[in-house]
Amino acid sequence: MSLVLGIESSCDETAAALVTSDRRIVAQRIASQDEAHAPYGGVVPEIAARAHAERLGPMIEAVLADGGVSLSDCDAIAATAGPGLIGGVMVGLVSAKALAMASDKPLIAINHLEGHAVSPRLADSELTFPYDLLLVSGGHCQILRVEDVGEYRRLATTIDDALGEAFDKTAKILGLGFPGGPAVEQLAMQGDPGAVALPRPLKGSKEPHFSFAGLKSAVLRAQQSGDHKPEDIAASFQQAALDCVIDRLKRALDAQEKPTGSLVVAGGVAANMAIRGALERFASTRDMRFIAPPPSLCTDNAAMIAWAGCEHLARANFAPDPLDFVAKPRWPLDPHADPARGAGVKA
Ligand code: KG4
Ligand code: ZN
């Protein structure tokens, strides 16, 4: 059994965790920076990087103390090395390099998206490769076939906004504050999902990609019209987003030669109960097992990074990453995926 220290600092959560290869979260701590960014309605990279730099050192010490272990008891140090806000990523990666060097332990540079992608296996020991994954967070919105650790085939991506971004922008339009996803979900529970006619961008289109920019604009128009209650707008937005997700998923899975039998959801938006419910119903129509990690493992955390480290460490061809590994602001899981037609900057 091995023990891995994981570090996460790619966005606005500073996190450290100790995880064992037999799926035990020995200790973990997360500090959110919501209050620091709230006045700006979104994450300010410079503020995030400074907060990570202040908090990470004491947090790692605290996690080791919580777990009753020292650095020398760890078998590897895993840290998010991208993609994300580069200042924050560098704080976490440089800290991990220093710890690895000082303790003579292997460094494992983790792709943050891989952390999300394998997090369901930390929660569910029966989930084996391959599986189909809906990865939905604030920065990413993809359907992937997870063949193995480090082997991902992207089946679909967004041509504009990510799903979490659409939730956050809807929250901003409705004056719900930041971060918006949980607030929109709460408000939607009191509204009528059929009250406001909203578009389902790309629904029925041949390529399985996503688009949410038009939906966000329609939410803005609905709010500005003054004709609708905020809870109805929230519920109608969530329903429209959900319809798009299921339609795109159908299209992506139908285009595959072989089914995998497992539908998995991960990333911050996977904490949304309405989406989990819709995915579960969809999976049952296809005789697929549906797996969603507990909500605390869906939003950014370091346990998923430590677990991704465990997954790498367990591979026969494992090799530590060099101490001059460069932090990557962009780092697609599937480097061979074609750019989506009409796509903006997001890969
Ligand atoms: O994975 P994550 O913590 O950070 C990124 O890597 O982006 O995802 C954060 C995103 C935010 O856009 C947030 O609004 C969304 O996940 N989110 C939710 C919920 N909880 C978090 N969206 C909808 N419903 C939720 N309950
Ligand atoms: Zn994330």
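Author: Here it is; the model is predicted.

Reader: Is arginine 200 buried, partly exposed or exposed?

Author: The class follows from relative accessible area, where buried means under 20% and exposed means over 50%. Arginine 200 has a relative accessibility of 25%.

Reader: Which residue forms a salt bridge with arginine 200?

Author: The arginine lies in the loop between helix H6 (181-188) and helix H7 (213-225), and the partner lies in helix H8 (residues 230-254), so the pair ties together parts that are 43 residues apart in sequence. The closest N and O atoms are 2.8 Å apart, and the partner is aspartate 243.

Reader: How many residues apart in sequence are the parts tied together by arginine 289 and aspartate 124?

Author: Their side chains meet in a salt bridge, 2.6 Å from N to O. Arginine 289 lies in strand S10 (residues 289-291), and aspartate 124 lies in the loop between helix H4 (112-123) and strand S6 (131-136). The parts that the pair ties together are therefore 165 residues apart.

Reader: In that pair, what is the class of arginine 289, and what is that of aspartate 124?

Author: Arginine 289 has a relative accessible area of 36%, which makes it partly exposed. For aspartate 124 the value is 14%, and buried means under 20%. Aspartate 124 is therefore buried.

Reader: Are aspartate 247 and arginine 248 buried or exposed?

Author: The side chains of aspartate 247 and arginine 248 meet in a salt bridge, at 3.0 Å from N to O. As for accessibility, aspartate 247 and arginine 248 are both buried.

Reader: Which residues do salt bridges with shared partners join into one network?

Author: The count of salt bridges in the model comes to 13. Those that share partners join a network made up of Asp161, Glu165, Lys169 and Lys216.

Reader: Which residues coordinate the zinc ion (ligand 2)?

Author: The donors follow the spacing H-x3-H-x183-D along the chain. Histidine 116 lies in helix H4 and aspartate 300 in the loop between helix H10 (295-298) and helix H11 (303-313), a pair 184 residues apart that links distant parts of the chain. Both of these residues, histidine 116 and aspartate 300, are buried. At 2.1 Å, the zinc ion is coordinated by His112 (NE2), His116 (NE2) and Asp300 (OD).

Conventions. Residues are numbered from 1 along each chain as its sequence is written. Chains are lettered from A and ligands numbered from 1 in the order in which they are written. This is a predicted model: local features need pLDDT of at least 70, side-chain atom pairs count only at pLDDT 80 or more; totals for chains, interfaces and linings use all residues. Side-chain values use heavy atoms; hydrogens and water are left out. A salt bridge is a side-chain nitrogen of Lys or Arg within 4 Å of a carboxyl oxygen of Asp or Glu. Helices (H or I, at least four residues) and strands (E, at least two) are DSSP runs, numbered from the N terminus. Buried means under 20% relative accessible area, exposed over 50%, partly exposed in between (1.4 Å probe, protein chains only). Donors are N, O and S atoms within 2.8 Å of the metal (3.2 Å for Na, K and Ca); water is not among the atoms, so sites may look incomplete.
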